[in-house]
Each structure stands twice: as C-alpha cells, then as structure tokens.
Amino acid sequence: MKTLKLVLASLLMLTITGCATTESQPEYHTYVKVGDNVPVTQFVDTQGNSIDLAESKNHKLLILFATWCPDSQRAMKYLVKSDLHLSPNVDIIGIGREETNIELNKFGAEYELNFPLVADTDRQIYSQFANAGIPRLILLDADNKVVKTIIGETENPIIEVVW
C-alpha cells in the first residue's frame with residue numbers, strides 16, 4: 001500500500017511539474033503595440049450589420065474570445081456587471097475566435113450582451129492581433145490606435161480597462 005501511494009504521489013508530482021514547464025505551453029505573442037493603428041477596421045456582425053470603426057469617434061473595446069473558454073465566460077460576466085457596456089462613449093465589439101454566428105447568438109442571449117458579436121470562424125481576425133491566449137482585450141482610442149492590450153486570463157480583466 002505504501003508503494004502504491006509513493007507511485008501515485010510521484011506521478012502527481014510529474015504531472016504538476018510537466019504542466020509548469022514553458023515548453024508545453026504556447027508562448028503568447030501580441031502583434032499589435034500601443035500606438036499602432038488597429039489592423040482590422042471593418043466587420044460584419046452576426047446579424048449581418050456592417051461595422052466600420054472609422055465611423056465612430058468613441059473609444060473602442062475589442063474583445064477576442066471563445067464561448068467555450070472559462071476565462072472568456074468570466075470576463076463577459078464581469079463586463080455585463082460593470083457600467084462599461086452601458087457607456088455611450090465606448091463601442092464594444094466581441095469577436096468570437098473559431099465561432100459561428102449561431103454559437104455567438106446563443107452566447108450573446110445567454111450572457112445578455114448588448115453589443116455586436118462577430119464570428120471569426122477561421123481566425124483571420126484573431127491572427128492579426130495575437131497567436132494564442134483568450135480572452136484578449138484591445139483598447140482603441142477615437143482614432144483607432146491601440147491604447148492597451150490585455151490578456152484576460154485573470155479573475156476580472158475588466159478592471160484593467162482604462163483608457
């Protein structure tokens with residue numbers, strides 16, 4: 001019995017240590033930097049509406065996320081609880097990485113989102129911002145320049161959303 005416990009404890013340690021190595025986890029790269037022009041300015045939301053970032057002089061928040069991701073789900077819950085999604089001075093666009101219109105509409109209804117969602121089924125949009133890691137929050141100024149980027153894998157990334 002002691003041997004079995006020792007073997008199980010050893011396996012547990014190897015598993016934990018293996019998860020902690022940087023070789024097994026992707027290195028996150030953000031392709032946009034503060035001061036850059038946003039690489040994508042036009043979108044079509046799940047309702048078929050065209051969105052052109054140049055048409056608004058508001059601050060913008062782009063949220064790159066996935067409906068299945070617990071970090072993305074938590075970020076959206078905090079966003080809905082905040083006043084940010086109610087601000088007339090901020091345009092929010094949710095971009096669903098590898099998501100369909102149907103999946104995003106269901107998610108938007110479930111989370112009571114009041115901003116447009118864009119399906120990025122093949123990562124064409126996401127790949128212009130980063131290589132890995134969701135949710136990603138990209139803050140833009142009125143001229144669509146990057147103000148800040150946030151990898152939202154924290155408890156409440158919405159508190160970091162400050163222009």
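Which residues does Asn 49 touch, not counting residues up to four places away in sequence? Asn 49 touches Phe 43 and Val 44, where contact means heavy atoms within 4.5 Å.

This is a predicted model, in which local features need pLDDT of at least 70, side-chain atom pairs count only at pLDDT 80 or more, and totals for chains, interfaces and linings use all residues. Residues are numbered from 1 along each chain as its sequence is written, and side-chain values use heavy atoms, with hydrogens and water left out.

**View A. Asn 49 in the loop between β1 (42-44) and β2 (50-52).** Strands (E, at least two residues) and helices (H or I, at least four) are DSSP runs, numbered from the N terminus. Asn 49 has a relative accessible area of 43% and is therefore partly exposed; buried means under 20%, exposed over 50%, and partly exposed in between (1.4 Å probe, protein chains only).

**View B. Glu 98 in the loop between β4 (90-97) and α3 (101-111).** Although not a glycine, Glu 98 has a positive phi of about 55 degrees. Its relative accessibility is 45%, so Glu 98 counts as partly exposed.

**View C. Glu 112 in the loop between α3 and β5.** Glu 112, also not a glycine, has a positive phi of about 55 degrees. Glu 112 counts as exposed because its relative accessibility is 64%.

**View D. The cis peptide bond from Ile 134 to Pro 135.** Omega is near -5 degrees for this bond. Pro 135 is found in the loop between β5 (117-120) and β6 (136-140). Most peptide bonds are trans, and most residues other than glycine have a negative phi.
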